Amino acid sequence: MSLRQRLTTSEQQQQQPPVAAAASTSTTSAGKTTPETQKPLSRQRSLSHRAIKQTLTTTANLANLLPTGTVLAFQLLIPIFTNNGACDSATRPLTILLLFLLATSCFLASFTDSVMSKDGQVYYGFATFKGLFLFDYVGSPTDIPDLSDYRITFRDGVHAVLSVFVFVAVTLRDKNVVSCFYPTPKHQTQEVLSIAPIGIGVICSLLFVVFPTKRHGIGYPITAGT
């Protein structure tokens with residue numbers, strides 16, 4: 001009886017169930033993470049990384065929705081043209097002309113793009129139906145990418161129209177413009193001027209997320225491989 005009760009260590013390991021053996025091997029060292037727990041963590045990190053990257057990309061696309069130079073020119077010139085909101089028969093037509101030129105600038109800026117040559121020099125141009133027309137390039141065509149890949153697309157037209165709408169929303173929120181054209185607005189007009197710019201901005205932002213642009217217009221940096 002005593003010999004049967006004394007089992008050797010090797011016999012105990014042979015009689016150990018496979019499930020218990022697997023559990024013992026998975027918990028051999030305390031404080032170390034097993035491969036089974038590493039896979040879910042890596043998946044969670046990859047999903048969060050993709051979400052952050054998509055958010056930053058969307059934010060960058062929205063930043064390109066309205067040309068920065070046009071907004072700066074608007075903020076600098078509109079107080080002068082409107083006489084700080086006190087327009088008369090002379091300044092009102094000039095203000096309309098200024099707004100029309102700035103809106104046209106927003107529309108045309110959506111078709112500008114830039115390319116990088118092999119030596120790292122950046123050249124800017126205007127997109128056409130045949131390709132990209134460069135403003136200041138006089139070198140060999142082999143030093144730059146194929147310009148026919150930069151032709152105008154339907155997405156460029158959508159982006160141009162959205163840029164004009166966003167500029168209109170900006171002008172409607174400016175107190176000098178509102179005071180120039182609506183010195184004493186009615187209650188209904190005041191409500192429209194308060195709600196319309198916000199609605200235009202939200203709708204244009206959502207549409208721009210659906211139709212993002214890949215253009216690197218004048219004033220925006222370009223990186224190799226884009």
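Buried here means under 20% relative accessible area, exposed means over 50%, and partly exposed is what falls in between (1.4 Å probe, protein chains only). This is a predicted model, where local features need pLDDT of at least 70 and side-chain atom pairs count only at pLDDT 80 or more, while totals for chains, interfaces and linings use all residues. Residues are numbered from 1 along each chain as its sequence is written, and side-chain values use heavy atoms, with hydrogens and water left out.

**View 1. C87 and C180 form a disulfide.**
A disulfide is a pair of cysteine sulfur atoms within 2.5 Å, and that rule gives a count of one. Here the S to S distance is 1.9 Å. The torsion about the S-S bond is about -115°, so this disulfide is left-handed. C87 sits in the loop between helix 5 (68–81) and helix 6 (91–109), and C180 sits in helix 8 (residues 175–181), so the pair ties together parts 93 residues apart in sequence. Helices (H or I, at least four residues) and strands (E, at least two) are DSSP runs, numbered from the N terminus.

**View 2**

Two strands pair if DSSP finds at least two bridges between them.

**View 2. Strand 2 meets strand 3.**
Strand 2 (residues 122–127) runs antiparallel to strand 3, and three bridges join the two. Look for A127, which stands opposite L132 in strand 3.

**View 3. L72, L76, L77 and I80 make a nonpolar surface patch.**
The patch covers about 400 Å². Patches are made of residues with over 30% relative accessible area and no salt bridge, and nonpolar side chains (Val, Leu, Ile, Met, Phe, Trp, Tyr) are joined within 5 Å, like charges within 9 Å. A salt bridge is a side-chain nitrogen of Lys or Arg within 4 Å of a carboxyl oxygen of Asp or Glu. L77 is found in helix 5, and its relative accessible area of 31% makes it partly exposed.

Note on methods: Areas by Shrake-Rupley, 256 points an atom, 1.4 Å probe, with all protein chains shown as cover.
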